[in-house]
Amino acid sequence: AAALGEALQAGIDADVVIVDIQGTANETLAVAVGYADLVLIPTRPSLFDCVQAKALVTFLKALGARGHRIPYRVVFNAVEGIETSQVSFEEAVRFVM
């Protein structure tokens, strides 16, 4: 976590920096999102994955409660044959948000 924080704090001469880390609430994640302009949360529309995404959203909101709002977007992947107007899709979105 410390090495990541040092690298991000030192600044990188780039328009976009992508940090791909495990979405488990821990110190490394807290450091990474502290520097983020946007956090993407990829998830499958299954109950297990939505529960994990919801936990990450809760973690981000708790970190943001310290005065720094952390913008995020949940991205449903591996979705086939589901319409955004279907009840199951709408319920998954409501659950995660």
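Predicted model: local features only at pLDDT ≥ 70, side-chain atom pairs only at ≥ 80, totals over all residues.
User: In which strand is the place of Thr43?
Analyst: Strands (E, at least two residues) and helices (H or I, at least four) are DSSP runs, numbered from the N terminus. The protein has four helices and two strands, in the order α-α-β-α-β-α from the N terminus. Thr43 belongs to strand β1.

User: Leaving aside neighbours within four places in sequence, which residues is Thr43 in contact with?
Analyst: Contact means heavy atoms within 4.5 Å. With the neighbours within four places left out, the list for Thr43 is Asp49, Cys50, Ala53, Val74, Val75, Phe76 and Asn77.

User: Which residues have the most contacts inside the largest nonpolar core?
Analyst: A nonpolar core is a set of buried Ala, Val, Leu, Ile, Met, Phe, Trp, Tyr and Cys residues joined through side-chain atoms within 4.5 Å. In soluble globular proteins, nonpolar side chains tend to be buried together. The largest core here has 19 residues, and those with the most contacts inside it are Val39 and Ile41.

User: Which element gives the most to this core?
Analyst: At least two residues of the core come from each of α2, β1 (39-43), α3, β2 and α4. With seven residues, the element that gives the most is α3.

User: What distance separates the C-alpha atoms of Val39 and Pro71?
Analyst: Val39 lies in strand β1 and is buried, with a relative accessible area of 11%. Its contacts, leaving aside neighbours within four places in sequence, include Pro71, Leu60 and Tyr72. Although Val39 and Pro71 are 32 residues apart along the chain, their C-alpha atoms are separated by 6.3 Å.

User: Within what arc do the buried residues of α4 fall, seen down its axis?
Analyst: In helix α4 (residues 87-96), Phe89, Ala92 and Val96 are buried. These residues line one face of the helix, because their arc, taken from the directions from the helix axis to the C-beta atoms, is 60°.

User: Which residues are exposed on the other side of α4?
Analyst: The buried residues of α4 pack against α3 (47-64) and β2 (72-76). On the other side of the helix, the exposed residues are Val87 and Arg94.

User: Which residues make the nonpolar surface patch of about 200 Å²?
Analyst: Like charges are joined within 9 Å, and nonpolar side chains (Val, Leu, Ile, Met, Phe, Trp, Tyr) within 5 Å; accessible areas come from the Shrake-Rupley method with a 1.4 Å probe, and for residues only the protein chains shown count as cover. Val19, in the loop between α1 (2-10) and α2 (27-34), is partly exposed, with a relative accessible area of 37%. The residues of this patch are Val17, Val19 and Ile21.

Definitions and conventions: Residues numbered from 1 in each chain as written. Heavy atoms only, no water. Patch = residues over 30% accessible without salt bridge, like charges linked within 9 Å, V, L, I, M, F, W, Y side chains within 5 Å. Salt bridge = Lys/Arg side-chain N within 4 Å of Asp/Glu carboxyl O. Buried < 20%, exposed > 50% of the residue type's maximum accessible area, 1.4 Å probe, protein only.
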